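Please look at the sequence and the model of the chain shown here, and keep both in view while reading. The report moves from the whole chain to its strands and then to single residues.

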Amino acid sequence: MRRHLDTAIRMTILTAVLLGLLYPLAITGVAQLVFPGAADGSLVKADGRVVGSALIAQQFTRPGYFWPRPSAAGANGYDAMASAASNLGPTSRTLVDRVKAGVAAAVKADPGLTAGAVPVDMVTTSGSGLDPDITVANARAQATRVAQARGLTRTEVLRLITAYTTGRTLGFIGEPRVNVLALNLALDRSAASSQAGP
C-alpha cells in the first residue's frame, strides 16, 4: 500500500511540473519567438501607447469614426472579459425589436442611408460579441457620416476603406472585411497629416 501511495505522489508531482510548468513555459517561449505579436494579444499601438487589439472590438460612438458591430458582451457591451453572443434566435421578439431599433438608429445617424440598405452586421451582434471586423458593405454605408464629420469627401473615405479591406482568408474562406480599429487609426493619421500641411 505504501509503495503505491509513493508512486502516486511522485507521478502527481512529475506531471504537475511537466504539464503545469515546463510545457506552458516551452509553448510560451516558442510563441514569443515565432509569433511575438500574436502571443502578446495582437496589441495595436499609436504614438507609442497601446490603443487596443486587432482581434477584439471596442466601442466607437463619435460620428467621425467607423462603428463596430453591436456587442452583447457584458452588461454594456464590448467587455472582453464577458465575450458572449446574445443567444437570441430569429423568433425572438427581443431580437426583432433590437434590430428594428438598430435600423432606425443607423438611418438617423447616417445621412442618405435607407432602412432597406442597412447591412445586417450593422444591427446584429457576432457570436463573440467582440468581432473587430465589419463587412465592406457596412463600412461603405457609414462612409457618408464619417466623411461629413471629418470634413472629407466620401471618395477619400471610400479610398481608405478599400486600402484597409482584407480579402477572404486563404482566398476562399469568409468574406472580405474591414478592421474597425485599423481604419479609425488610419483616419486619425490622415487628419493629422492634412493638418500638418506642407
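Predicted model: local features only at pLDDT ≥ 70, side-chain atom pairs only at ≥ 80, totals over all residues.

## The chain as a whole

The chain contains six helices and five strands, and when they are read from the N terminus on, they follow the order α-α-β-β-α-β-α-α-β-β-α. The radius of gyration of the chain is 23 Å, well over the 16 Å that the globule rule gives for 198 residues, so the chain is more spread out than a compact globule. A box taken along the principal axes and filled by the C-alpha atoms would be roughly 80 × 55 × 35 Å.

Of the 198 residues, 28% count as buried. When contacts between residues at least 6 apart in sequence are considered, 53% of them join residues at least 24 apart.

## The strands and how they pair

Strands of a sheet pair through backbone hydrogen bonds, and the pairing can be either parallel or antiparallel. In this chain, an open sheet of three strands has the order β3-β5-β4, and its pairing is antiparallel. The edge strands are β3, which covers residues 133–135, and β4, which covers residues 165–166, and each of them pairs on one side only. Strand β5, made of residues 177–179, is joined to β3 by three bridges, with the two strands running antiparallel.

Another antiparallel pair is formed by β1, residues 43–46, and β2, residues 49–53, which four bridges join. These two strands make a hairpin with two residues between them. The table lists some bridge partners from the pairs described above.

| Residue | Bridge partner | Strand of the partner |
|---|---|---|
| I134 | V178 | β5 |
| A46 | R49 | β2 |
| K45 | V50 | β2 |

Most residues other than glycine have a negative phi. Which value does phi take in D47? Phi of D47 is near 55°, which is a positive value in a residue other than glycine.

L170 lies in the loop between β4 and β5, and its relative accessible area of 70% makes L170 an exposed residue.

Is S42 buried or exposed? S42 is buried, because its relative accessible area is 17% and the buried class covers values under 20%. S42 lies in the loop between α2, residues 36–39, and β1. If its neighbours within four places in sequence are left aside, S42 is in contact with G37, G52, S53, A54 and L55.

R150 is found in helix α4, which covers residues 136–150. With a relative accessible area of 22%, R150 is partly exposed, because this value falls between the 20% and 50% limits. Which residues does R150 touch, not counting those up to four places away in sequence? They are G64, Y65, N184, L187, D188 and A191. For one of these, L187, the separation from R150 is 37 residues in sequence, while in space the two are 8.7 Å apart, C-alpha to C-alpha.

L14 has its place in helix α1, which covers residues 2–34, and L14 is partly exposed, with a relative accessible area of 43%. How far apart in space are L14 and T125, taken from C-alpha to C-alpha? The distance between L14 and T125 is 45 Å, and 111 residues separate the two in sequence.

Key. Residues numbered from 1 in each chain as written. Heavy atoms only, no water. Rg over C-alpha atoms; globule rule 2.2 N^0.38 Å. Buried < 20%, exposed > 50% of the residue type's maximum accessible area, 1.4 Å probe, protein only. Contact = heavy atoms within 4.5 Å. Pairing = 2+ DSSP bridges.
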